[in-house]
Amino acid sequence: MSDWKLLNTSTASGASSVEFTDLTGYKIFKFAFVDVNPATDTVLFEFNASTDGGSNYNVTKTTTFFYAYHWESDAHSGLGYITGSDIAQGTGYQTLMRDVANDADACGTGELYLFNPASTTYVKHFYSRTSTYETRDSIEDSHIAGYLNTTSAVNAIDFKMSSGNLDAVIKAYGLVAT
Amino acid sequence: MSGKLTLISSATASGSASVEFTSGLDSTYDEYVFYFVDINPATDSESLQFQVNASGQTGYNETITSTYFAANANEAGTDANIAYVTARDQAQGTAYQWLTSTQGSGADECSAGELHLFSPSSTSKVKHFYSRMNHYHASDYSADSFCAGYINNAASAITEISFKMSSGNFDGSIHFFGVS
């Protein structure tokens, strides 16, 4: 077996968060986000990790965030780094999608890769690319990366909106069995 | 992710000068991907690099034209940016191509990411590649690095690939897949 192994599919319907609490057995994990639609307008889709099985999501991380954007009106477009969406040794949730619209037809999608969370030697790298229908009727193509700055095994991950509930399908995959 | 992955081989580096894949890079697949896990250099401030060898030739020294840009942020929270890095690209060069910038060699510091290589067996087209790596920079930055380019040898198939640090040995694992 060598292809990506589907480990879990979580279908959130008005859920406050989506957790995956078994990050063992593979060197590389991928989380695919499908149709992330918040209940509340203009909120962030974000994640954090845990070293205690999900009791606390507060792993220290240093991260980067840059994006390309374009409004439906064609009034604005560009590429830039967003200092307000990165983290410097903070323990808060990392933004993966900014200002997601809650219109009935609006949503965000994307992927997050996480490398060797079970390591007790190294920091844990991750990177993500997401595409967001943003509140101002614009597309945001966001690139997020960083490392979970811990040598403890990371064994759970949590996805949620910055406020309110969400609908979404989130799939967890594993690659390279350990 | 593209299509279905098939593992061709895995290599574990432990104080290794290089990791080379000298078989499996052929016409079986139109796309190949290499995943890098916990690449830790023995020497501080060195970079992960790759080069390839064409069929019937010797040495990892094919001509490359490439781009490299990165988003960087330091742990102190005093510097964050995205920038093109001219020192990491090549213009018809034959050197090893940078996949990361200066990595830290601390006991917990490493890099991870992926490199895609397309149609290496073509004997009529250049061979494109792109990568994304995140690494722990020697100056305590997180660096999200994007490299892309082409191996400017249309006539010869690429059959071998080599990974190494810019200087010194390294630990880590590299996983080689075909994409169908």
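Which residues is Asp103(A) in contact with, leaving aside its neighbours within four places in sequence? This tour returns to that question after a look at each chain.

**Before starting**

The model is predicted, so local features need pLDDT of at least 70 and side-chain atom pairs count only at pLDDT 80 or more, while totals for chains, interfaces and linings use all residues. Residues are numbered from 1 along each chain as its sequence is written, chains are lettered from A and ligands numbered from 1 in the order in which they are written, and side-chain values use heavy atoms, with hydrogens and water left out.

**Select chain A**

Chain A contains 13 strands and 0 helices; helices (H or I, at least four residues) and strands (E, at least two) are DSSP runs, numbered from the N terminus. The radius of gyration of chain A is 16 Å, close to the 16 Å that the globule rule gives for 178 residues, so chain A is as compact as a globular protein of that length. This radius is taken over C-alpha atoms, and the globule rule is 2.2 Å times the number of residues to the power 0.38. The C-alpha atoms of chain A fill a box of roughly 50 × 30 × 30 Å along the principal axes.

Of its 178 residues, 54% count as buried; buried means under 20% relative accessible area, exposed over 50%, and partly exposed in between (1.4 Å probe, protein chains only). Among contacts in chain A between residues at least 6 apart in sequence, 77% join residues at least 24 apart, where contact means heavy atoms within 4.5 Å.

**Select Asp103(A)**

Asp103(A) lies in the loop between β8 (94–100) and β9 (108–115) of chain A. With a relative accessible area of 34%, Asp103(A) is partly exposed. Now the opening question can be answered: apart from neighbours within four places in sequence, Asp103(A) is in contact with Asn37(A) and Asp41(A).

**Select Asp137(A)**

The next stop is the loop between β10 (124–134) and β11 (138–148) of chain A, where Asp137(A) lies. Its phi is near 55 degrees, a positive value in a residue other than glycine. Asp137(A) counts as partly exposed, at 33% relative accessibility.

**Select chain B**

Chain B has 0 helices and 13 strands. A compact globule of 180 residues would have a radius of gyration near 16 Å, and chain B agrees with its 16 Å. Of the 180 residues of chain B, 54% count as buried. For contacts in chain B between residues at least 6 apart in sequence, 75% join residues at least 24 apart.

Within chain B, pick Asp140(B), in the loop between β10 (127–136) and β11 (141–151). Phi of Asp140(B) is near 60 degrees, a positive value in a residue other than glycine. Asp140(B) is partly exposed, with a relative accessible area of 33%.

**Show both chains together**

Where do the chains meet? In chain A, 37 residues are in contact with 43 residues of chain B. The two chains bury about 3,000 Å² between them, 64% of it on carbon and sulfur atoms; buried area is the accessible area (1.4 Å probe) that two parts lose on being put together, summed over both. Finally, select Tyr122(A), His125(A) and Tyr127(A), which supply 22% of the area that chain A buries against chain B, more than any other three residues.
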